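Dear colleague,

Please find the sequence and structure below. A description of what was found follows directly after them.

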Amino acid sequence: MRLQGKVAIITGASTGIGRAAAILFALEGARVAVVADRDIEGARQTVAAVERDGGHALFIQANIAREADATRIATETVARFGALHILYNNAAIAPGTDNFIETTPEDDWQRILDVNLKGAYLCIKHAVPYMERSGGGAIVNTSSLNGVIALGPLAYGASKMAVVSLTRSLAQELGPRNIRVNCIAPGYVDTEMTRRLRRMQPNMTEEQQDQRMHAFAGRTPLRRVAQPDEIARAALFFASDDSSFVTGQILTVDGGYMIQ
Ligand SMILES: NC(=O)c1ccc[n+]([C@@H]2O[C@H](COP(=O)([O-])OP(=O)(O)OC[C@H]3O[C@@H](n4cnc5c(N)ncnc54)[C@H](O)[C@@H]3O)[C@@H](O)[C@H]2O)c1
């Protein structure tokens, strides 16, 4: 029970990595605020899964890119659970429309930066005062291999690299207030995000799309893509006292892809 007595906010917890983290953090003793914008049914399923395991979860419907919503995420969590110790900034979008400079629509560029980067900034901004009042805490941000090396999407990659910078700057600022800030950079994870991107590839059959995923896996030392739970367990390390003297770090969870 590495999160016994802790209260955690997990953004983007209606599917994928966020859902896996909500279930895992609750199993480790945390009470969890499950944040999602549109996928209400998915968020309810996450809450139900936590409660089936005997845990406590609260669904907060919110768009992290809006400041009023970010404020509400923090206040509703504290109103229900009485404290705030962990913020896992997991929500992001990857619409797949920003692969080439001349065809990336300005609106999409802005939307990606708004959710992936501004959303993290806003959630942190409004969580920090409550974390400090709760005696300190841990923030876990989410970058990507795309944020560390060039893999394609332009706005998505830029947003994820900026999250690295935000992590390091905030680790410095918030360390003296007993708040640690770390970041996970996942490699290819089998989630709805990557399934959706695969489906979007023009002129490719489903079989060819699967082949592309297998080719990526083939270039990965561990020879496979990740499952959501494998990323959630890395987030648990940063969220828990197992990493009590670790801050400002970026952990690639990529089956070794980056070392090549
Ligand atoms: N899947 C991968 O291969 C991969 C690789 C590297 C990094 N990541 C990162 O991991 C994180 C989780 O990805 P995933 O694959 O589980 O994605 P996903 O698409 O399955 O889940 C994204 C979640 O974010 C939520 N969300 C989107 N916009 C939101 C908004 N404005 N406000 C609130 N919630 C919002 C969605 O409702 C959903 O719950 C993301 O930050 C993603 O960039 C994923």
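**Helix α1 and helix α2**

R19, A22, I23 and A26 of α1 meet T46, A49 and V50 of α2; two residues are in contact if their C-beta atoms, placed from the backbone, lie within 7 Å. Helices (H or I, at least four residues) and strands (E, at least two) are DSSP runs, numbered from the N terminus. By class, this contact of α1 with α2 has five nonpolar, one polar and one charged residues. Ala, Val, Leu, Ile, Met, Phe, Trp, Tyr, Cys and Pro count as nonpolar, Asp, Glu, Lys and Arg as charged, and the others, Gly among them, as polar.

Please note that this is a predicted model, in which local features need pLDDT of at least 70 and side-chain atom pairs count only at pLDDT 80 or more, while totals for chains, interfaces and linings use all residues. Residues are numbered from 1 along each chain as its sequence is written.

Helix α2 covers residues 40–52, and α1 packs with α2 at an angle of about 20°, their axes being 9 Å apart. Axes are lines fitted to C-alpha atoms, for helices over the stretch in contact, and angles run from 0 to 180 degrees between N-to-C directions. The helices α1 and α2 are therefore roughly parallel to each other; angles under 35 degrees count as roughly parallel, over 145 as roughly antiparallel, 65 to 115 as roughly perpendicular and the rest as oblique. Their crossing is right-handed, a term used if the near helix is turned clockwise from the far one by less than a right angle, and left-handed if anticlockwise.

**Helix α1 and helix α8**

Helix α1 (residues 16–27) also packs with helix α8 (residues 228–239), at an angle of about 55° and with the axes 8 Å apart. The pair α1 and α8 is therefore oblique. On the α1 side the contact includes G16, I17 and F25, and on the α8 side P228, D229 and R233 are among the residues involved. By class, this contact of α1 with α8 has 11 nonpolar, one polar and two charged residues.

**Helix α3 and helix α4**

Helix α3 (residues 67–81) and α4 pack at an angle of about 30°, with their axes 8 Å apart, in a right-handed crossing. The residues of this contact of α3 with α4 divide into eight nonpolar, two polar and two charged.

**Domains and ligand**

The protein is divided into domain 1 (7–189 + 227–253) and domain 2 (190–225), with bounds that come from an automatic or database domain assignment. Their contact takes 10 residues from domain 1 and 10 residues from domain 2. The centres of domain 1 and domain 2, taken over C-alpha atoms, are separated by 24 Å.

Where does the ligand lie? Domain 1 and domain 2 both give residues to the shell around the ligand, so it lies between them. Of the 32 residues around the ligand, G12, G16, A92, T191 and M193 come nearest; a residue is near a molecule or strand if its C-beta atom, placed from the backbone, lies within 6 Å of it. The elements giving two or more residues to this shell are α1, β2 (31–36), α4 (106–133) and α6 (192–200). By class, the shell divides into 16 nonpolar, 13 polar and three charged residues.

Yours sincerely
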